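Dear colleague,

Below I am handing over the structure we spoke about, and after it I set out what was found. Please read the notes with the coordinates open beside them.

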Number of protein chains: 2
Amino acid sequence: MVKGLIQKNNTKIILLVLDGLGGLPVNGRTELEAARTPNLDALARESACGLHLPVGYGITPGSGPGHLGLFGYDPLSCLIGRGILEALGLGLEVTRTDVALRCNYATMENGLVKDRRAGRPPTAETRKLTERLQKEIPGIDGVKFTFGAGMEHRFALVMRFPEPLPPGAAAINDSDPQETEKPPLPLKPETPEAEKVADIATKFIKRAGELLKDQPRANYVLLRGFSTHPRMPSFKDAYGMRALAVAAYPMYRGLASLIGMDAPAIEGDFRDELDYLKANYKVFDFSFIHFKKTDSFGEDGDFEGKVKKIEEADSFIPEMLSLDPDVLIITGDHSTPSVMKGHSWHPVPLIIKGPYVLGGLLKGFSERECLKGELGIIPSTAIMSMALANAGRLKKYGA
Amino acid sequence: MVKGLIQKNNTKIILLVLDGLGGLPVNGRTELEAARTPNLDALARESACGLHLPVGYGITPGSGPGHLGLFGYDPLSCLIGRGILEALGLGLEVTRTDVALRCNYATMENGLVKDRRAGRPPTAETRKLTERLQKEIPGIDGVKFTFGAGMEHRFALVMRFPEPLPPGAAAINDSDPQETEKPPLPLKPETPEAEKVADIATKFIKRAGELLKDQPRANYVLLRGFSTHPRMPSFKDAYGMRALAVAAYPMYRGLASLIGMDAPAIEGDFRDELDYLKANYKVFDFSFIHFKKTDSFGEDGDFEGKVKKIEEADSFIPEMLSLDPDVLIITGDHSTPSVMKGHSWHPVPLIIKGPYVLGGLLKGFSERECLKGELGIIPSTAIMSMALANAGRLKKYGA
C-alpha cells in the first residue's frame, strides 16, 4: 500500500527481532514482566508502543509468516513453500530460477516403502550420503543440483534451472506415500508448466536409487514439498531501501535473502551479530538483527531461561542505541510462552522508537503495559509503514 | 481462514450469549455497570477481555448477523434472506431444498390492494386462516408447503422442493406493491433458475385468493422476501466440532440449525435451557446457550429491568463454570442500550476464559472495563478463532 508513497532519504531504520518474545504469566508474571529490563523499560516509556498480531486472531505463526509480517509482507498472500523453508534452513540459497524440495532417505524393499525415514540413521552417516549425491549427481539435463544435509534422514535439494520458471512449475505431488508397505507415488505434474521439473525429479529419484541401492537402510529417496521462489516484490522494490539481515541462524537470513536483503553468513551468537551490525549498518538504509534464544528457551518450556535471555537482550540495548538509528523497532516475530512450550497466537509487544511519537504512556516494556500504548493492537504488516513514516520516507497521500 | 488449520481434540467450548448485552449510561452508569455481577466480575479479572464489533463501525446488527458473527461467519458475506429469518422465527425448519417467504394477509378490492395488512386482524383470527391454508393447500405440483402462523397479518411459508435448488432459484420480486390502491405486482423470475419457484408461488397466490375470497378483510395474500438456504459451510465443516444450540426462542435455534448445529426445541426460560445444557453438553464439542431477556428489557427501554436480568444471568455463572469447559465465551450478539430502546452499533463486552490468557487487567465486567482488556476491540468473527486457539484446536500456520 505504501509503494507509491516511498521517498528516499538518509535515515537509518533498525529492526531488532527478539524471537518468540511474547509470553504468558506464571505465578502472575510473564517472562517479560519477570525480567529486569531497565533499558527496554526506558525505551518503552518514551516510544510508540503497542502489540502486533503476526497473522490474525488466534493464528499461531511459524517463523516464516512471523518474519514476513514484520518485513511488511502479508503472510496470508505470501506463502513460502515447505521445500524453500527446508532449503533455507539448511543454508542453501534459493533464487527465482530454482525449485526447492524436502527429501527423506527411506528404506525400500521389493518396490514397497518399508521405512519412510530409513530408521532415522545418524546425521553423520547421512551427511556422507548427501555429499556423495552431490558429487555423483551434480545435475541432470542442464539443471544444477545443490544438496543440503539435514538431521538424520532429512536433506534438501535445490534444482537450479537455466532460466526463471513459469508459475505452476512446481505443481507436483509428493512421492512420499505417507504410509509404509506402499509403493512410492509417481510424480505427476499438475500443470503443463510442471512437466519438465517432474521429469528431472523422476530421473533424480532413479539415479539416487541406483547410487544408494547397496545401503542397508537408506537405499531410496522420497521427495516432498516441491516449491518455487515466492513471487514477492523485493524489499528494495517495495521500500526503496537497501537492507541488511544479520542472523546467525540460516533460516532467518535465508528468509531475508528471499526478498533481496543482503544476508551474509555469520557465525556465533548475538554478540557476533551485533559486532557485524556495528561494522556494516552505515552502508544500509534498513538493518534487521535477530536474537534467537528467547524463542529457544520458550520452546523448551524454560521460564527462567527465557527471562535470562530477555535480560541479556536488554543489556545490548545501549549499544544498539549508540548506533543512533532514526527509527528503532523492537519486537518479536510471534509469542512463545514457556507455559505452552511452543509458538502461540498472542499479540507481541512492540516498541517503535522514533522522532514523532506520543510516548509517556507505559511504565515499562511488557505485554500488559503495551496494551496502554499509543499503537493499540495492530497487524504486523503495519509496523513497516509506521517505521517508514517516522523515518520521513513516506510522502503524503493525496492532496 | 482457520479451515486448513483445524485439528480435533476432546476439549469443550461453551458460548453464552446474553442477548443485547451492551448498553449506554443513564446517570453515569450502563446497565452492566449498575448491575451487581460478582461472578462475571471475577471471571473478567482472570480472563481475556475486550469488546467485539458485530458487523462494523456504526453498523447496528439484527439478531441474524449478530449471531453469525459470534459463530465465526462473516455477516457481510453470509446473508440470510428475510423469508428465511421469518420462517425460522416462527419455528419452521429450513433446509437446502427450501424456498422461504414472508407473507401478509391483505385486503383486495377490484384488483387493487386496499390494505396491505388486512386491517391488522387479531392473531387468533389469522392463526385459523393459516391453519386452513395448511389443510387446503398442502402443496402444489409436488412441492410441499409448510405454513407458520405469525402475529396479526403475518405468516411464513416454506416451500420444500424434491431436490436442492440451483443458485438464483429465489431471485423473484415481492408481490407486495408497498402502496395501496395499486394492483399486486406479478411475480417475475429474475433468472431462468427462478422460473419454477415463481410459477408455483403464482399458483399459490391464486389458490389462496380463491380460498379467502369470502373473508371480510383478509381476502388475499402478498408475498415478500423469497429466499433460499444460505450456502454457508456447516459449523462441523468449518471447525470440525459437533455443536449444540440451547435456545428457547425459535429464531436463535433456527439460525443455529441453518449451520448444522443440533438445535432441539426447548420450552421455558434460561433455567430450563441450562438444565438441558448440563444434561447434554458432554456429547458435543461446542455448546451455544442463549439468554434472551437482557435484550427484551433493553428493547422496552427498561433500564432497571435489564439490570435485573443481567444480575439473574450472573447468578447462573457458577453453575456454568461447574461444567468445567476448556473455553467459556460470554458476550452479547449486539448492544441494546435501554436508552435507545433497540439494537445499537456499540461494541459488546466480551470474556474469553481459557487456559492461555494474560488476565489481571480489569476490575470487573463492563463496557468501560473491557476497554482495558488484552483483546482490544475485535471483529466478532475473531472470537471463534481465539476460542479454538485456546482449546488447542488450531495448528500452526506455516513453518
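Predicted model: local features only at pLDDT ≥ 70, side-chain atom pairs only at ≥ 80, totals over all residues.

Aromatic pairs

Over all chains, the count comes to 25 aromatic pairs. In one of them, the rings of B:Phe147 and B:Phe204 have centres 5.7 Å apart and planes at 45°, so the pair is tilted. Because B:Phe147 belongs to strand β6 (residues 143–149) of chain B and B:Phe204 to helix α6 (residues 195–212) of chain B, the pair ties together parts that are 57 residues apart in sequence. B:Phe147 counts as buried, since its relative accessibility is 9%, and B:Phe204 is likewise buried, with a relative accessible area of 0%.

B:Phe235 and B:Phe286, with which I began, also form a tilted aromatic pair, at 4.7 Å centre to centre and with 50° between the planes. This pair links distant parts of the chain, given that B:Phe235 is in helix α7 (residues 235–239) of chain B and B:Phe286 is in strand β10 (residues 286–291) of chain B, 51 residues apart. In chain A, ring pairs join A:Phe71, A:Phe235, A:Tyr239, A:Phe286 and A:Phe288 into a cluster.

A covered helix in chain A

Helix α3 (residues 63–70) of chain A is mostly covered, with eight of its eight residues buried; among them are A:His67, A:Leu68 and A:Leu70. The elements of chain A that cover these buried residues include β1 (13–18), β2 (48–53), α8 (250–258), β10 (286–291), β11 (327–331) and α14 (382–390). After α3(A) comes A:Gly72, whose phi is positive, near 90°.

A surface patch on chain B

B:Val26, B:Val339, B:Met340 and B:Trp345 make a nonpolar surface patch of about 310 Å². Of these residues, B:Met340 is placed in the loop between β11 (327–331) and β12 (348–353) of chain B, and with a relative accessibility of 34% B:Met340 counts as partly exposed.

How the copies are related

Chain B is superposed on chain A by a rotation of 124° with 0.0 Å of shift along its axis, at an RMSD of 0.3 Å. The two copies are therefore related as by a three-fold rotation axis.

With best regards

Conventions. Residues numbered from 1 in each chain as written. Chains lettered and ligands numbered in written order. Heavy atoms only, no water. Patch = residues over 30% accessible without salt bridge, like charges linked within 9 Å, V, L, I, M, F, W, Y side chains within 5 Å. Areas by Shrake-Rupley, 256 points an atom, 1.4 Å probe, with all protein chains shown as cover. Salt bridge = Lys/Arg side-chain N within 4 Å of Asp/Glu carboxyl O. Helix = DSSP H or I, 4+ residues; strand = E, 2+ residues; numbered from the N terminus. Buried < 20%, exposed > 50% of the residue type's maximum accessible area, 1.4 Å probe, protein only. Least-squares fit on C-alpha atoms with pLDDT ≥ 70 in both. Contact = heavy atoms within 4.5 Å. Phe/Tyr/Trp six-rings, centres within 6.5 Å; stacked < 30°, edge-to-face > 60°.
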